[in-house]
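Let's walk through this one together, starting with open space and ending with helix packing. Keep the 3D view handy as you read.

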Amino acid sequence: HFAKYGPVALINMQHFRKGGKSTAIGAAIIEFEAVEAQEKAAADLIAPADGGEDAKPTNVIKIGDNELTVQTLEKWIEKKNNKSPSKRGKDEVEVEFKNYELEWEKGRAISVKGVPDGCDREKIIAAIGAFFDIEADQVNDNLAYVDYSRGQTDAAIRFKEANDKIQDFAAKLADGTVKIDDSAVASAAILEGEEEEKYYKDFIDFKNTHRKKQAQEKMANKRRRKN
């Protein structure tokens with residue numbers, strides 16, 4: 001349901017613990033790999049704040065007979081603290097968290113457009129493994145990470161280290177020599193210049209936003225225990 005907005009990094013089902021037992025409370029936190037995906041999902045699934053009490057989201061996700069109510073993690077933490085945006089201010093402690101840092105080198109990320117229908121990360125990984133002569137289950141650990149979720153039309157492949165074969169791989173993806181699930185992609189190219197910088201900046205910003213929200217949630221939990 002959420003993968004159509006972008007790659008999903010984590011689904012954290014919320015539980016209530018009491019007496020050594022854990023019970024699901026019917027809520028979950030969805031973490032996307034890129035901030036653009038989170039923004040896209042929020043715009044589609046959350047009613048506009050300036051739309052009044054009767055405002056409705058553009059789309060609603062249904063699981064069985066249940067319609068999901070979606071809100072940002074920031075808004076959820078805000079409600080748990082019983083604070084509205086107008087009350088947030090001088091009495092709110094600024095949370096500290098360790099910034100996510102990524103040292104990246106130019107020429108290690110490939111943009112792939114127009115992946116075949118029915119594609120998934122495993123099929124892209126299989127194509128990478130076949131070209132680089134490495135077992136598919138070792139691709140993610142040792143060679144590259146695939147930014148893709150089922151249902152998307154585009155993907156990105158981020159290599160962990162410089163490799164002389166990256167440019168050749170991108171070229172053969174582009175001309176159809178290398179196929180994904182026996183189908184050629186529409187285009188493939190190594191990210192360069194501003195586009196490459198934006199790709200990594202968005203990824204790093206997303207990771208830091210997530211870490212900050214985790215720190216805020218931890219702080220909120222500490223305050224509740226004190227109260």
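Predicted model: local features only at pLDDT ≥ 70, side-chain atom pairs only at ≥ 80, totals over all residues.

Start at the second largest pocket, where 25 residues form the lining and Ala34, Glu36, Gln152, Ala156 and Tyr199 sit nearest the centre. A word on terms: on a 1 Å grid over the protein atoms alone, a pocket is an open set of points where a 1.4 Å probe fits, with protein on both sides within 12 Å along at least five of seven lines, and lining residues have an atom within 4 Å of a point. The elements giving two or more residues to this lining are H1, strand S5 (109-113), strand S7 (154-159) and H6. H6 gives the most, with five residues. Helices here are DSSP runs (H or I, at least four residues), strands are E runs of at least two, and both are numbered from the N terminus. The space in this second largest pocket comes to about 670 Å³, a volume being the space filled by probe spheres set on grid points joined across faces, edges and corners. By class, its lining has ten nonpolar, five polar and ten charged residues.

Residues are numbered from 1 along each chain as its sequence is written, and side-chain values use heavy atoms, with hydrogens and water left out.

Now for the largest pocket, with a volume of about 940 Å³. It is lined by 33 residues, and Ala28, Ile29, Ile30, Val70 and Gln71 lie nearest its centre. Strand S1 (8-18), strand S2 (21-32), helix H1 (35-45), helix H2 (73-80) and helix H6 (193-226) each give two or more residues to the lining. S2 gives the most, with eight.

How do H1 and H6 pack? Their axes come within 8 Å and cross at roughly 65 degrees; axes are lines fitted to C-alpha atoms, for helices over the stretch in contact, and angles run from 0 to 180 degrees between N-to-C directions. H1 and H6 are therefore roughly perpendicular to each other, a label for 65 to 115 degrees, while under 35 is roughly parallel, over 145 roughly antiparallel and the rest oblique. Val35, Glu36 and Gln38 in H1 meet Lys198, Asp202, Phe206 and Lys213 in H6, contact meaning heavy atoms within 4.5 Å. Those residues divide into two nonpolar, one polar and four charged.

With H4 (residues 136-143), H3 packs at about 85 degrees, the axes 8 Å apart, and that makes H3 roughly perpendicular to H4. Contact residues include Ile125 and Phe132 of H3 and Val139 and Leu143 of H4. The axes of H3 (residues 121-132) and H5 (residues 166-175) come within 11 Å and cross at roughly 125 degrees, so H3 and H5 are oblique to each other.

Definitions and conventions: Nonpolar A, V, L, I, M, F, W, Y, C, P; charged D, E, K, R; others polar.
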